[in-house]
Each structure stands twice: as structure tokens, then as C-alpha cells.
Amino acid sequence: MTNDRKARAARAEQARVERERAARRQRLMITTAAVVGALVLVAAVAWGISSLGGDDAADGPVVEPRGLTEGGVQHPGTPARGAPVVEVYEDFLCSHCADFEDEHGAYLTDLAEQGQIALRFVPMTILDGTADTGPAHDAMNAAFCVTDRQGAEAFWAMKPALFAAGFATGDAEPTQRALAAIARDVGVPDIESCLEDGTFVPWLNEVREQARERGVTGTPSVFVDGTKLEDPATVRSAVEDALAS
């Protein structure tokens, strides 16, 4: 092969390499543009979904339910003068709360019925994290829809039913239909509009912030006469000490 032919062949090979490089660059640009476009579309869809009203309940007015005692729902038993005050912060989606109820719930309610303690439930929608709405809010809102309609006695009937429903174990979801059915079973019908509107969700968010300011970082949390127990499992000895003092 002459030098001239070799030169032409080299130029042809160089041209082929350049074409391949250009084609690769074009494919890369197209792929990148497609990925960016997809991300933009996903973001737009997510924004659109969030703007459809998923957080409408959290943005509503703060409505405090009727039937409260100092921010919680007190057991309807009549406490004796000077009886220890036991406050229990719980979340109906909290498995540790369900375990606490299994172990200590009947003990505490028996003392409350006898008037030996003032037993108070305080809501803490901790399982929704920092979100202003969610399944923990839904279940808790249902409990206070019932309280608002028929008072503390209805709440204390609703409370064990919500724990028994399997929300804390993940065996069931707190849908509006499920929550309305539980309310009907405990004798409080027609709370559907309260569930749909999330009537007490903004109030629950305020109570959650107040609980955090009080040092409640988990559930269950128990206070006996205003003192937070380091371990909720010691509630029986703490109550017995308070009764003896």
C-alpha cells in the first residue's frame, strides 16, 4: 500500500471513530434528557397528588373535642380526694402500647373504677412521625369523634376496641369504614362525617407538640402525679407507692 493510500485509509478510520463518538454523545444526551424528563414528571405528579387535599384535615381549624379533662380523657370513675393522677400517652398504632394495655390496662381501669386513682388517656400520634396526617391520626381522630358525641364513657369503650382491631400489629388498616364500624359496635353511630373531615386532626397535632415539650418521645409514656416514669413497665409499683404515700 502506497503512502497516499495509507493516509486515505487512516483518515477514513479517523472519520469512522469520530462518527461513533458523535453517535454515542447523541445517545447519551437523549438518555439524559429522558431521565430528567421522567424525574420532572414524577415530581409534578407527586406535587399534584399532594395538592389534591391529602393534608386538608391538618389545615383545618383547631377543634377541641368535648369530654376532656386537662387535655386528656379521664376514666369516668369518681376518684377519691387526693387520689394519684395517672396519665398514659398512647397511640392506637403502637404495638408497645397494645402490649402495655394487655399487661396493665385492666389493672389501671380497675383502680379507676374503684376511685383509687384518676386515670387519664392522652393522645400521642407518634407513629405518623412528623407528618400532620396519617393512619395514626385517623384512628385517634375516630376515638375523639366518639368522645365528642357521647363523652368519656364512650371513649373508654372505644379504646380497647381500637387496640383489639389489629391496627397496632399491622393485621388491619384504620380505614374510615373500619373505624366507623368499630364506633357503631360500641354504640356510637354516624361519625362518618367526622372521620371524613378529620375534625380533630389539627387539635391532635397541637397535643402532640405539647407532649413533646413535656418530654414524651415515645409511647407508651406514663406520668404519675406529674412525674414521668423512666420505664412504663414500672407503673404498678409507681402507683402503689403513690397510693401508700
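**Exercise 1.** How many residues of the lining of the largest cavity are nonpolar, how many polar and how many charged?

*Solution.* Before starting, note that this is a predicted model, where local features need pLDDT of at least 70, side-chain atom pairs count only at pLDDT 80 or more, and totals for chains, interfaces and linings use all residues. Residues are numbered from 1 along each chain as its sequence is written, and side-chain values use heavy atoms, leaving out hydrogens and water.

Step 1: find the void. A cavity is a set of points on a 1 Å grid over the protein atoms alone where a 1.4 Å probe fits but cannot get out, and lining residues have an atom within 4 Å of a point. The whole structure holds one cavity of 30 Å³ or more.

Step 2: list the lining. Among its residues are Val88, Glu90, Leu108, Arg120, Trp156 and Lys159.

Step 3: sort them. The lining divides into five nonpolar, two polar and four charged residues; Ala, Val, Leu, Ile, Met, Phe, Trp, Tyr, Cys and Pro count as nonpolar, Asp, Glu, Lys and Arg as charged, and the others, Gly among them, as polar.

**Exercise 2.** Which element supplies the largest share of this lining?

*Solution.* Step 1: elements are DSSP runs numbered from the N terminus, helices (H or I) having at least four residues and strands (E) at least two. Step 2: β2 (85-90), α2 (95-113), β3 (118-123) and α4 (152-164) each give at least two lining residues. Step 3: α2 takes the largest share, with four residues.

Methods: On a 1 Å grid over the protein atoms alone, a cavity is a set of points where a 1.4 Å probe fits but cannot get out, and a pocket is an open set with protein on both sides within 12 Å along at least five of seven lines; lining residues have an atom within 4 Å of a point. Grid points are joined across faces, edges and corners, and a volume is the space filled by probe spheres set on the points.
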